[in-house]
Amino acid sequence: CALPIYASGNVITITPAWTVVAGGGTISASGLFTAGTVPGAYSNTVQATSGAISGVATVNVVAGALATITVSPNPANLSVGGAQQFTAVGKDASNNVVAITPAWTVVAGGGAINASGLFTAGTVPGSFTNTVQATSGAITGVATVNVTAGPLATITVSPNSSTLSISGAQQFTAIGKDASGNVLAIDRKS
């Protein structure tokens, strides 16, 4: 590549030696700079040298286009009615962080999510695979939510009323439920 230099008002054609001195990418012998994979401001990194004279240029490398979104935590384990704040991190193809403001949705049940990524579990226990989605443009990241029954809230004994003759026997049963009516196992102690 020929580089015009002005000396005393005259243009002089040169063929400089191109180098990268402070990172940011690579440069060919013809002066074609190719940015690296790490964003940043690379001050005076491109250098053209002819004899004892050098000139420099600064290169600013920015992250590439959004390629992936990672939603955390994944999975999230909650009891019914529990809340979990989800976060979404966008990255380019070189794994550099890209700033995003995703749209949050719930697609397979398990609860509801607000615009800032705060998920509130519903009242039905289960595993809801890839139900939380964070979307930016055409890129979507997902997370699974596992909802378990809440703590024991009530015990129902059956039968509720029993009349027995002397030395008669009656088998009673106890069913535990959480506040949402989900059946829970009850520890039986002697």
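Let's start with a side-chain pairing: Gln47 and Ser54 are linked through their side chains by a polar contact of 3.0 Å. Keep in mind as you look around that this is a predicted model. Gln47 sits in strand E6, which covers residues 40-50. The side chain of Gln47 also makes a polar contact with that of Thr49, this one at 3.2 Å. If you set aside the neighbours within four places in sequence, Gln47 is in contact with Ala17, Trp18, Thr19 and Val21, and also with Ser54, Gly55 and Val56.

Leu32 belongs to the loop between strand E4 (25-27) and strand E5 (33-35). Is Leu32 buried or exposed? Its relative accessible area is 57%, and because exposed means over 50%, Leu32 counts as exposed. Not counting residues up to four places away in sequence, Leu32 touches Thr26 and Ile27.

Now for the aromatic rings. The structure holds one aromatic pair, made by Phe86 and Phe119: their ring centres are 6.1 Å apart and their planes stand at 90°, so the arrangement is edge-to-face. Phe86 is found in the loop between strand E10 (83-85) and strand E11 (87-91), while Phe119 is in strand E15 (residues 118-121), so the pair ties together parts that lie 33 residues apart in sequence. Both Phe86 and Phe119 are buried, whereas Leu32 is exposed.

How values were computed. Residues are numbered from 1 along each chain as its sequence is written. This is a predicted model: local features need pLDDT of at least 70, side-chain atom pairs count only at pLDDT 80 or more; totals for chains, interfaces and linings use all residues. Side-chain values use heavy atoms; hydrogens and water are left out. Helices (H or I, at least four residues) and strands (E, at least two) are DSSP runs, numbered from the N terminus. A polar contact is a pair of N or O atoms within 3.5 Å; within protein, one must be able to donate a hydrogen and the other to accept it, and residues adjacent in sequence count only if both atoms are side-chain atoms. Contact means heavy atoms within 4.5 Å. Buried means under 20% relative accessible area, exposed over 50%, partly exposed in between (1.4 Å probe, protein chains only). Rings of Phe, Tyr and Trp (its six-membered ring) pair if their centres lie within 6.5 Å; planes under 30 degrees apart count as stacked, over 60 as edge-to-face and the rest as tilted.
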